[in-house]
Amino acid sequence: MENLFYTLQDFYTHTKGVTYVLMVGILVSIAFFWKFLAGNDDD
Amino acid sequence: MSDHAATNGRPLLTPFNIVAGIIVVVGLILTVLRFTGGLAATTNLDDYNPWGLWIGFDLLVGVALAAGGYVTSAACYIFGMKRFHSAVRPAVLTGFLGYALVVVALHYDVGRPWRLPYPFIMQQGTTSLLFEVGACVALYLTVLFLECTPVAFEWLGWKKARALAVKMTMVLTIFGVILSTLHQSSLGALFLIAPSKLHPLWYSGYLPVYFFVSSIIAGLSMVIFEGTLSHRAFHDKMDAVHLEERDGVVLGFAKAASLVLAGYFFIKVVGISADNNWHYLGTGYGAWFLVEMIGFVMLPSILYAVGRRDKNIPLIKWTAAWTVLGVIVNRFNVSMIAFNYHLPASDRYFPHWMEIAISVFIVTVGVLIFRWIVTRMPIFYEHPDYQDSH
Amino acid sequence: MSISRRKFLGWMGVAGAGSLVGRSAKAAGNKHFTGHPESMGVLYDSTLCIGCRQCEAGCNQVNQLPPPEKPFDDLKVLDTTRRTDAKTYTVINRYTPATGDKPVFRKIQCNHCLEPACASACFVRAFTKTETGAVTYDASVCVGCRYCMVACPFEIPAYEYDAALDPEITKCTMCYPRVSKGLLPGCVDTCPMEALTFGKRDDLLKIAHERIRKYPDRYVDHVYGEKEMGGTSWLYLSGVPFKQVGMREDLGVTPAPSLTAGALGAVPMVVGLWPVLLTGVYAISKRKDKIEQQEKAAAVETAKEQTQSQADAKLTEALAQAEKDKDAAVEKAVAAALEEAARKQEEAAQKAEADSSASDDPASGDSGATPSEEES
């Protein structure tokens with residue numbers, strides 16, 4: 001029951017923590033995706 | 001290289017050096033006092049006023065005025081305004097030094113400075129805006145450092161390292177703009193947690209947006225202002241391209257600053273309306289708020305516009321200095337003047353002279369490092385080996 | 001009617017055994033948060049308080065705080081308004097209300113918010129809203145940034161400004177260690193007037209409202225702390241408006257974490273969309289540059305072509321002229337060659353006649369024509 005939160009504060013601590021991890025993932029993947037997307041543009 | 005690094009001929013005992021030397025000596029003595037006697041020995045902070053000048057000026061103003069780095073590099077590299085290229089290096093260097101000194105200043109303010117990495121390595125207070133500010137400032141300081149490395153590599157003559165660093169320019173610039181957006185706005189959002197302490201005219205749900213937009217204004221104005229000072233001090237270090245592009249940079253940045261100031265003015269009005277705070281405008285705080293809004297936002301917006309239309313470079317330069325002052329006033333209002341507005345005068349805060357002295361000391365150190373670097377490294381001129389490589 | 005603190009001591013035993021770890025159905029889910037189930041609180045009834053400062057003494061003793069400058073039985077201290085500081089977790093202040101000359105008292109200490117602003121603000125999670133209701137502080141991770149002090153709407157946390165290298169935040173712990181052992185908080189334990197009641201917050205709320213209902217003339221019809229800043233574990237009853245005893249009535253009912261939720265929610269949006277926007281702008285400006293370059297190149301090409309065609313025309317003309325000249329020369333040469341050939345043939349014929357044999361030498365005529373052919 002890790003989804004049981006008694007306080008808003010605990011709930012936010014958890015969800016914002018997950019969000020921070022996601023944000024790192026987003027920044028890394030967008031860089032690679034852009035490379036894939038525009039990789040052969042230089043002619 | 002040696003012909004540019006002409007520092008040998010400078011006399012050592014100039015008035016500037018003497019004043020700077022005194023400030024540094026006083027600063028070092030006060031540093032010892034701070035780390036032996038605690039904040040009680042050096043500041044006027046108390047339990048009602050936990051944040052004073054070292055947060056209001058060193059952190060909030062420092063970060064805002066160091067915004068020139070991301071603003072200029074974004075304009076040049078992302079928006080493709082190549083004519084601003086010669087302004088990028090001084091702006092990025094100023095930004096890097098600004099952020100580095102903000103971090104140094106924080107060591108004075110927090111209780112246990114060696115624990116500053118704790119939020120990242122011990123426990124993450126993810127609901128705290130300060131966590132977000134800390135993470136972004138740490139990352140952005142790294143980005144600015146990397147953005148400055150080509151300068152050092154050119155100076156050292158490391159061609160391969162320089163080529164690698166230059167390759168990262170785009171990624172670093174985009175990353176820098178993201179991080180700047182986040183922490184510039186989060187500095188304003190720090191105060192969202194205290195609606196009962198910050199005067200309603202300055203407290204708004206839009207605080208993060210206000211701080212972000214005004215950081216752009218601060219960045220643009222700082223580039224003009226700092227460029228003016230550099231021109232006086234380091235004219236001999238500037239190459240033809242830098243001098244030639246200089247007026248274009250001033251005019252272009254004045255145009256941008258005027259426009260952003262106008263937008264900032266409008267969203268501030270919307271903020272007053274959104275919280276129905278009109279009636280506060282008739283109070284004493286209201287008068288001070290109007291001074292900020294009309295004197296430091298509307299007026300510079302108009303002056304910048306006039307200066308640009310008339311190609312009046314001196315007017316633009318004075319306006320830039322005025323706008324920088326306006327940003328300082330705004331940050332002081334939010335963090336000190338309009339903060340704790342509900343307390344009786346006896347419980348209010350006014351900085352101790354030692355707090356002011358430490359802040360002056362840190363700014364002086366920044367200027368000295370800046371001078372040391374620009375008299376040695378290719379900041380105001382392009383290194384002859386890499387002239388067409390951008 | 002007041003509840004005996006001995007009785008609550010008994011209740012506490014029960015609470016410690018079971019309900020503190022119990023879960024109630026309404027606490028689950030992530031839409032609405034009602035706090036730790038059956039958490040404790042303290043009700044302060046200021047109409048019962050006589051300002052004897054015994055609670056201050058009790059607090060000082062159980063928390064092993066440094067001795068005060070003036071002894072706790074010195075009531076002259078009440079002449080000045082005080083606040084919590086690094087050496088004091090709780091203080092009693094005396095106020096003279098606008099109506100009536102009888103002084104009223106008010107106790108200050110951490111209110112132990114249900115959703116603490118200090119916990120929301122702390123970037124190392126040094127503050128915890130515990131299952132007992134107490135908000136505790138962990139000095140072992142504290143950096144000393146004092147953002148909790150900025151955040152606290154009740155201005156409770158204090159700081160050891162004197163400490164050069166190891167300053168800590170100090171504040172009431174609602175005697176978390178004692179309560180965990182089944183004991184009463186120090187201040188509640190020492191109050192001789194039973195102005196302080198310790199118990200489950202839900203029960204305390206009922207008691208408070210019951211007192212107001214029973215004695216409407218004695219109380220202001222408001223339980224301070226029931227809703228302020230999303231609710232606090234400490235609750236207050238007063239005979240005069242709370243504003244007159246230095247308590248802010250303009251704090252609102254929004255729990256602290258909600259104040260910053262919007263700004264924090266915008267962060268991942270910036271992270272997700274800024275790269276898209278910025279690389280987009282970059283791509284557009286780069287493309288604009290490229291098109292500009294292409295156009296420039298095209299313009300240069302056209303200009304080049306124009307010059308080229310002009311040059312070509314001239315060249316053609318010149319060549320034509322040269323051709324003509326050459327043709328003339330060739331004709332001349334051919335004529336000469338033919339003449340020569342004819343002459344040679346004649347000579348040859350004459351020779352052949354003389355030698356009576358046939359011979360042929362066309363090379364001289366061919367070689368004369370070849371260079372001009374190759375050139376054209």
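Me: What space lies in the second largest pocket?

Reply: About 1,200 Å³. A pocket is an open set of points on a 1 Å grid over the protein atoms alone, where a 1.4 Å probe fits and protein lies on both sides within 12 Å along at least five of seven lines. Its volume is the space filled by probe spheres set on the points, which are joined across faces, edges and corners. The model is predicted: local features need pLDDT of at least 70 and side-chain atom pairs 80 or more, while totals for chains, interfaces and linings use all residues. Residues are numbered from 1 along each chain as written, chains are lettered from A and ligands numbered from 1 in written order, and side-chain values use heavy atoms, without hydrogens and water.

Me: Which residues lie nearest the centre of the second largest pocket?

Reply: Lining residues have an atom within 4 Å of a point. Here there are 42, and B:Val363, B:Gly366, B:Val367, B:Leu368 and B:Phe370 lie nearest the centre. Helices are DSSP runs (H or I, at least four residues), as are strands (E, at least two), numbered from the N terminus. α14(B) gives the largest share of this lining, nine residues. By class, 26 lining residues are nonpolar, ten polar and six charged. Asp, Glu, Lys and Arg count as charged; Ala, Val, Leu, Ile, Met, Phe, Trp, Tyr, Cys and Pro as nonpolar; the others, Gly among them, as polar.

Me: How many residues of chain C are in contact with chain B?

Reply: Contact means heavy atoms within 4.5 Å. 56 residues of chain C touch 60 of chain B in this way. The two chains bury about 5,000 Å² between them (accessible area lost on being put together, 1.4 Å probe, summed over both). Of that area, 62% is on carbon and sulfur atoms.

Me: How many salt bridges does the rule find across the interface of chain C and chain B?

Reply: A salt bridge is a side-chain nitrogen of Lys or Arg within 4 Å of a carboxyl oxygen of Asp or Glu. The interface has three. On the side of chain C that touches chain B, α3 (117–121), α4 (147–151), β6 (158–159) and α8 (256–355) each supply at least two residues. The largest share, 16 residues, is from α8(C). This side has 39 nonpolar, seven polar and ten charged residues.

Me: Which side chain meets C:Asp289 in a salt bridge?

Reply: That of B:Lys82, at 3.0 Å from N to O. C:Asp289 is in helix α8 of chain C and B:Lys82 in the loop between α4 (68–78) and α5 of chain B, so the pair joins two chains.
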